[in-house]
Amino acid sequence: MQLHFSPSMRSITISSSSSNGFIDLMKIKVAARHISYRTLFHTILILAFLLPFVFILTAVVTLEGVNKCSSFDCLGRRLGPRFLGRGDDSGQRQVRDLYKILHQVNTEEIPHGLKVPDSFSHLVSDMKNNQYDARTFAFVLRAMMEKFERDLRESRFSELMNKHFAASSIPKGIHCLSLRLTDEYSSNAHARKQLPPPELLPLLSNNSYHHFILSTDNILAASVVVTSTVQSSLKPEKIVFHVITDKKTYAGMHSWFALNPVSPAIVEVKGVHQFDWLTRENVPVLEAVENHNGIRDYYHGNHVAGANLSDTTPRRFASKLQARSPKYISLLNHLRIYIPELFPNLDKVVFLDDDVVIQRDLSPLWEINLGGKINGAVETCKGDDEWVMSKHFRNYFNFSHPLIAKHLDPDECAWAYGMNIFDLRAWRKTKIRETYHSWLKENLKSNLTMWKLGTLPPALIAFKGHVHRIDPSWHMLGLGYQSNTNIESVKKAAVIHYNGQSKPWLQIGFEHLRPFWTKYVNYSNDFIRNCHILES
């Protein structure tokens, strides 16, 4: 028997040979197919399109951690709703429930005696051991956050207090320098030589020279100011420096400039005790400021006792600490208001603070026409930063005080001390000193409720209407406040001012700004080296 399939697979023929020689044939027709090739092709095409999506959905389920199934039935229950577009909203419902619990816990009191973990690992351990429900977990989490916020706030205030103490103290190296130079003054005739030499004394009152006035008890800082001024000048032979210091520092200051001359510039060193004009009769208010017990307690007392730190911000607390710097009741800090009387033969001077560095020739300052004004200064209300260059009168005065509100405008622009051009001839024709004393007296009577911060506020009042604005490039401020000071702007400024707590000679000074100051320190000097004033 033989089977024969037709090419189209539509029929089968069965043939067999009989004993009589005849061939028996039987033909069977196969039923027609119900699925065409076209249908099969489309089916395969659709499956090829859907299978990648099935693979992706499976991968997503696996990554989300929900594919814990051990059977196709379970996988179908997981993927079915997603495949059909009906996502499981149980997760969203749980999130909504958690938000609701957190909101409720935020409005309620934390249960008394609730144990607060000290760290995240302790929190996880407690959750495992105590099987926290969502509400208990929310309370514990809230208690932890509030505790950490309190600790962080206390740490911030402690940091500000420590920084205040560091800024108010005298570094060991600088104290050593003063002591060694004072000893040198008593044992070395060269350290006691007259400054300047007798033949140069007439130049101290010669108005064809450029006269700078510096009032400080910091010998190292004074050396940087004088050295940077002379080295940056195109006419150093025209420079005369008048350095004023207190009685205890006079010998050391004199020794330094006697042993380290800055020729061809001229340096005069005078102590406050050597000015006949500085008597109690001429400076009665300052005498009262230095000796008033309440004032001394304010500046030298406990700055935290009685202070409600919960009602203030770290920045406001920092401002209050700065206002309590002992330098603000120092006679040296107030001497600038007496320059016309201390130097009666001078017509025009530039006053410099001891925390500045001169980077450009300052000779053109004497050519500035002040237009009949007395004080050439940089205004500090034109900048964007909050610490230095956005200051108006409202930043310095208490305008709830009736006298302040009556006489001053809170929106008036402030100006800066530190590098000022003073026309002394015009100054002597005014009542600036008397106005300064008058307002100081009023502030003392009001128990310092009119202003808190130093010598600038009374000067803002006394010089009102007498200030000539100069270009800001002459005087860049804030290097003792802001670590993000633009370096390129620092390089371009004629005078850079480290006003603020972070002085360059302190450990708390900003490291990237310190080199602009240290480049003028002579670290090869024996006194500098022996006192271990090391280059940063």
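## Surface, core and salt bridges

V95, L98, Y99 and L102 make up a nonpolar surface patch whose accessible area together is about 360 Å². The model is a predicted one.

Q: How many helices and strands does the protein chain have?
A: The protein chain has 536 residues, of which 43% count as buried. Its secondary structure comes to 20 helices and 12 strands.

Q: What share of the accessible surface of the protein chain belongs to carbon and sulfur atoms?
A: The accessible surface of the protein chain comes to about 30,300 Å². The share that belongs to carbon and sulfur atoms is 54%.

Q: Among contacts between residues at least 6 apart in sequence, what percentage join residues at least 24 apart?
A: A contact here means heavy atoms within 4.5 Å. Counting contacts in the protein chain between residues at least 6 apart in sequence, the part that joins residues at least 24 apart is 71%.

Q: Is H475 buried or exposed?
A: H475 sits in the loop between strand 11 (467-469) and helix 18 (487-492). Leaving out residues up to four places away in sequence, H475 touches V378, A416, Y417, G418, M419, V495 and H497. Buried means under 20% relative accessible area. With a value of 1%, H475 is therefore buried.

Q: Which side chain makes a polar contact of 3.0 Å with the side chain of H475?
A: Several residues touch H475, including V378, A416 and V495. The polar contact of 3.0 Å joins the side chain of H475 to that of H497.

Q: Why is the pair of W415 and Y417 edge-to-face?
A: The structure holds 14 aromatic pairs. In the pair of W415 and Y417, the ring centres are 5.1 Å apart and the planes stand at 90°. Planes over 60 degrees apart count as edge-to-face. Because the angle in this pair is 90°, W415 and Y417 are edge-to-face.

Q: How many residues apart are W415 and F463?
A: The rings of W415 and F463 have centres 5.8 Å apart and planes at 90°, so this pair is edge-to-face. W415 lies in the loop between helix 14 (402-407) and strand 10 (419-423), while F463 lies in the loop between helix 17 (456-462) and strand 11. The pair thus links distant parts of the chain, and the separation is 48 residues.

Q: Which residues are linked with D217 in a network of salt bridges?
A: K248 counts as exposed at 58% relative accessibility, and D217 as partly exposed at 38%. The network that contains D217 also includes D246 and K248.

Q: What is the N to O distance in the salt bridge of D411 and R394?
A: D411 is in the loop between helix 14 and strand 10, and R394 is in the loop between strand 9 (375-377) and helix 14, 17 residues apart. R394 is partly exposed at 43%. The N to O distance between the two side chains is 2.5 Å.

Q: In which helix do D526 and R529 both lie?
A: D526 and R529 meet in a salt bridge of 2.5 Å, N to O. D526 is partly exposed at 44%, and R529 is partly exposed at 43%. They are three residues apart, about one turn, and both lie in helix 20.

Notes. Residues are numbered from 1 along each chain as its sequence is written. This is a predicted model: local features need pLDDT of at least 70, side-chain atom pairs count only at pLDDT 80 or more; totals for chains, interfaces and linings use all residues. Side-chain values use heavy atoms; hydrogens and water are left out. Patches are made of residues with over 30% relative accessible area and no salt bridge: like charges are joined within 9 Å, nonpolar side chains (Val, Leu, Ile, Met, Phe, Trp, Tyr) within 5 Å. Accessible areas come from the Shrake-Rupley method with a 1.4 Å probe; for residues, only the protein chains shown count as cover. A salt bridge is a side-chain nitrogen of Lys or Arg within 4 Å of a carboxyl oxygen of Asp or Glu. Helices (H or I, at least four residues) and strands (E, at least two) are DSSP runs, numbered from the N terminus. Buried means under 20% relative accessible area, exposed over 50%, partly exposed in between (1.4 Å probe, protein chains only). A polar contact is a pair of N or O atoms within 3.5 Å; within protein, one must be able to donate a hydrogen and the other to accept it, and residues adjacent in sequence count only if both atoms are side-chain atoms. Rings of Phe, Tyr and Trp (its six-membered ring) pair if their centres lie within 6.5 Å; planes under 30 degrees apart count as stacked, over 60 as edge-to-face and the rest as tilted.
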